[in-house]
Amino acid sequence: MHPLSEARRIDEFVAYWSRETPEACACVLDDERISYSELQARIDRLAKALIAHGVARGDRVATLATPSPAFLVCFLATVSIGAIWVGLNPRYRVEELKYVLDDSEPKVLLTRTRIGDRSFRGEIEALIRDVPSLQCVVAIDEGEEIADVVSLSTFEKPGDAVANSTLAVARDTAGGRDPCLIVYTSGSTGRPKGALLHHHGVARFSVHQNDIWPITPLIVLNYFPINHVGCIADISTPVLSAGGTLVFMEQFDPAGALDLMQKERVTMW
């Protein structure tokens, strides 16, 4: 039996491997390599910060980012405390961002301020102004200073006062068929619609995928946008359930992807 076949929450995958193989590489982006123990520490720190800022079970947290370790931490920290995560595609224009946020009503937005040559200053300012549910907007990079946007270090500081026991209680009361993720459809008939996924479904799918394709070591390239179910449930969570390595590529390039697969010795594509 898979050691995580009875996991109640998606984030338990990382917690398990951080104990069993703490130094194993969980994810890679360019020259940055993050072990399972380090990934767990980052998840715990952000989860405590979310609790300190009033995020509770059933609340929504949105993230605007590329496929990257930063996205992974935001996603897993959110779902670990029973909140519901919403991914935003950096290719969205401001009206698309407003539509998803108006519909999902997140309390917190964790966002890049710049990706490549594109500044998100105008979009972030518009979201702060026009999305009533947003109580806090957090820059998860050091791209630009924007009014009413706090840095990640500032946002995380109050979490230092949150006890481990408080974090444990939040996690113990989450999981199972509690919703963890909203994925928006392509909108092929009308406006995009939010599809609600729960811990149990994503966790069981992830473990079963490893039963079908039992690859060791499991090293997979992930260049899918974070708002897409392919990025989350088809790649990220199955790899983490196997204690494997996610190789992130922020901007897909065919030749670059082949080079990266060779460099990182990707074992499944």
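Which residue stands opposite Ala-139 in β9? Ser-151 does. The views below come from a predicted model, in which local features need pLDDT of at least 70, side-chain atom pairs count only at pLDDT 80 or more, and totals for chains, interfaces and linings use all residues. Residues are numbered from 1 along each chain as its sequence is written, and side-chain values use heavy atoms, with hydrogens and water left out.

**View 1. Strand β8 and its two partners.** Strand β8 covers residues 136-139; helices (H or I, at least four residues) and strands (E, at least two) are DSSP runs, numbered from the N terminus. Cys-136 and Val-138 point one way, Val-137 and Ala-139 the other, and all are buried. Buried means under 20% relative accessible area, exposed over 50%, and partly exposed in between (1.4 Å probe, protein chains only). Strand β5 (residues 108-111) runs parallel to β8 and is joined to it by four bridges, with Thr-111 opposite Ala-139. Strand β9 (residues 149-151) also pairs with β8 in the parallel sense, over three bridges. Two strands pair if DSSP finds at least two bridges between them.

View 2. Strand β3 (residues 60-64) pairs with β5 in the parallel sense over four bridges, and Thr-63 stands opposite Leu-110.

**View 3. Helix α1 and its cover.** Helix α1 spans residues 12-20, and its buried residues are Phe-13, Val-14, Ala-15, Tyr-16, Trp-17 and Ser-18. What covers them includes α2 (36-52), α3 (69-80), α8 (199-212) and α9 (229-241).

View 4. Asn-210 lies in helix α8. This residue counts as buried because its relative accessibility is 9%. Leaving aside neighbours within four places in sequence, Asn-210 is in contact (heavy atoms within 4.5 Å) with His-2, Leu-218, Pro-238, Ser-241 and Ala-242.
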